[in-house]
Amino acid sequence: MTISSSKRVVYWGTGRRKTAVARVRVVPGSGAITINGRPGDNYLNYNPSYLSAVKAPLETLGLGKEYDLLVNVRGGGLTGQADAIKQGAARALCDLSPDNRKPLKSEGHLSRDPRAKERRKYGLKKARKAPQFSKR
């Protein structure tokens, strides 16, 4: 979704992973990442793997220093949130230009990871762990 104001153009994308949902806005800027009102490296605990995952769609297109990411993310942990932000940024970059879709898709940035925690079943201790069997 694209929103144009008198000042700048904003591109929106939504990403999901496990129970995390990220609403990502891509705006022209200097490459800053703001997550829930905090700097991206501060929010992601200075973990380089999370930061590189968030920046990956921009780096794939060579736009790392041309656009800012403004993110609202809820739910899940840092791993799920970082992957949700990555997918949301990739979807927003597809709105920026239709030519961006092919390189982002080939790198796997547009794919949603369907893995999630399996629900617990009654009679079991966890999702699949059964109580110890006793013959007598």
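**Close-up views of a predicted model**

**View 1. Helix α2 spans residues 48–61.** Its 14 residues reach 20 Å from first C-alpha to last, close to the 20 Å expected at 1.5 Å a residue. That expected span is 1.5 Å times one less than the number of residues. Helices (H or I, at least four residues) and strands (E, at least two) are DSSP runs, numbered from the N terminus. This is a predicted model: local features need pLDDT of at least 70, side-chain atom pairs need 80 or more, and totals for chains, interfaces and linings use all residues. Residues are numbered from 1 along each chain as its sequence is written, and side-chain values use heavy atoms, without hydrogens or water.

**View 2. α2 has a kink at Lys-55.** The bend is about 50° and lies shortly before Pro-57. It is the angle between axes fitted to the seven residues ending at a residue and the seven starting there. After α2 comes Gly-62, with a positive phi near 70°.

**View 3. The buried residues of α2 pack against β4, α1, β6, α3 and α4.** They are Tyr-50, Leu-51, Ala-53, Val-54, Ala-56, Pro-57 and Leu-58. Buried means under 20% relative accessible area (1.4 Å probe, protein chains only). Contact means heavy atoms within 4.5 Å.

**View 4. Strands β2 (residues 9–17) and β3 (residues 20–28) pair in the antiparallel sense.** Seven bridges join them; pairing requires at least two DSSP bridges. Gly-15 has Ala-22 in β3 as its bridge partner. Two residues lie between the strands in this hairpin, where Lys-18 takes a positive phi near 50°.

Terms used: Buried < 20%, exposed > 50% of the residue type's maximum accessible area, 1.4 Å probe, protein only.
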